[in-house]
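Okay, everyone, thanks for coming. Have a look at the screen with me, and then I'll talk you through it.

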Amino acid sequence: MRVLLVNPPPYKIIEPLYDTPIYPRTAIACLAGYLRSKKVDVHVLDCKFDRLSYDAGLEIVKKLQPDMVGFTGFTNEIKQAAQLAQLIKCYDSSISTIIGGVHVTALPERTLREFPAFDFGVVGEGEVTLYELVTQMGNKEVLANTPGVCFLDADNRYVYGGERAKIDDQDALPYPAWDLFRPAEEYVLHTSRGCPFTCGFCMNPNGRLVRPRSPENVLGEVQWLVDTMKPKSILFGDEIFTLQRERTMAICQGIIDRGFHKKLHWWCQTH
């Protein structure tokens with residue numbers, strides 16, 4: 001099974017920082033890292049990062065000949081993902097298409113009905129669900145009971161395997177497969193998942209319980225990036241990077257001790 005993970009191109013440039021990013025997409029890097037650790041033949045296509053059009057993205061799909069194409073998408077990206085999925089289906093209808101990310105997590109059935117170019121949806125945290133979807137592709141009886149997987153059956157009925165338990169031990173996950181992308185000026189690292197706050201504008205897909213990676217694990221990833229990719233900056237993209245003060249201080253001290261502050265600058269998000 002050859003899997004291609006895709007960040008679709010924008011229709012047009014509205015927010016340059018977001019629509020023409022200087023960083024590769026963290027979500028597909030994390031998924032690719034997990035699938036690769038399970039010996040899956042996985043590839044990435046970041047149309048935003050590489051400034052690729054729909055036609056150029058489709059040409060890469062044709063050359064790669066994947067069995068499965070997985071998309072990620074926030075709500076503002078769902079139509080773009082569906083358009084590329086439709087182009088892929090018109091080229092080869094046997095290629096399975098999957099949509100993951102925040103939008104389908106919030107509106108799984110509606111997403112599948114509104115965008116029939118997607119064969120499956122991955123609801124919630126994607127690593128384990130996507131791997132099980134890859135290994136069970138073609139067996140819808142099993143997939144019907146696979147947590148996190150949803151689809152429309154032959155009678156157009158919505159099928160959902162139920163909520164998947166979240167991954168508590170974030171250190172158990174492999175590092176994102178950053179090496180599958182060209183080197184970037186910046187990388188967005190997620191050092192924890194979850195947020196305890198209840199802001200009305202946020203659906204909080206990762207839950208209210210914060211699940212942090214250890215400082216040693218985070219610093220190990222930064223070390224690899226500094227040694228291998230030599231970025232100019234790193235963004236800690238957690239919703240609440242400073243929530244746990246001692247952990248935050250340990251990461252900051254580690255940055256100083258390892259001399260990272262002499263090689264790049266970093267910034268973070270918090271509450």
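Before I go on, some housekeeping. This is a predicted model, where local features need pLDDT of at least 70, side-chain atom pairs count only at pLDDT 80 or more, and totals for chains, interfaces and linings use all residues. Residues are numbered from 1 along each chain as its sequence is written, and side-chain values use heavy atoms, with hydrogens and water left out.

β1 and β3 run parallel and are joined by four bridges. On to the next pair: β3 and β4 are also parallel, over five bridges, and there Val 69 has Thr 97 of β4 as its bridge partner. Then β4, residues 96-100, runs parallel to β5, residues 120-122, with three bridges between them. In that pair, Ile 99 stands opposite Gly 121 of β5.

Put together, that's part of an open sheet of seven strands, in the order β2-β1-β3-β4-β5-β6-β7, with mixed pairing. Which strands stand at the edges? β2 (41-46) and β7 (158-160) do, and each has a single partner strand, so one side of each has no neighbour in the sheet. From one strand to the next, the twist averages 20°; axes here are lines fitted to C-alpha atoms, for helices over the stretch in contact, and angles run from 0 to 180 degrees between N-to-C directions.

Now, how many of the five residues of β3 (68-72) are buried? Five of the five, so β3 is largely enclosed by the rest of the structure. Buried means under 20% relative accessible area, exposed means over 50%, and partly exposed is in between, using a 1.4 Å probe and protein chains only. Both faces of β3 are covered, with Met 68, Gly 70 and Thr 72 on one side and Val 69 and Phe 71 on the other.

Next, helix α3, residues 54-64. Contact, by the way, means heavy atoms within 4.5 Å. The buried residues of α3 are Tyr 54, Gly 57, Leu 58, Val 61 and Leu 64. They sit on the same side of α3, because they cover an arc of only 125° around the axis, going by the directions from the helix axis to the C-beta atoms. Just after the helix, Gln 65 takes a positive phi of about 55°.

Leaving aside neighbours within four places in sequence, Thr 111 is in contact with Ile 78, Ile 99, His 103, Val 104 and Phe 118.

There's a second sheet to look at. It's open, with three strands in the order β8-β11-β12 and parallel pairing. Its edge strands are β8 (186-189) and β12 (265-268), each pairing on one side only. β11 (233-236) and β12 are joined by four bridges, and Leu 235 has Trp 267 as its bridge partner in β12. Helix α9 packs on this sheet, touching β8 and β11.

α9 (215-228) also packs with α10 (245-257), at an angle of about 35° and with their axes 9 Å apart. Among the residues making that contact are Val 218 and Leu 219 of α9 and Ala 250 and Ile 251 of α10.

Last stop, Leu 189. Among the residues it touches, not counting those up to four places away in sequence, are Trp 178, Val 222, Leu 225 and Phe 236. That's me done, thanks!

Note on methods. Pairing = 2+ DSSP bridges. Helix = DSSP H or I, 4+ residues; strand = E, 2+ residues; numbered from the N terminus.
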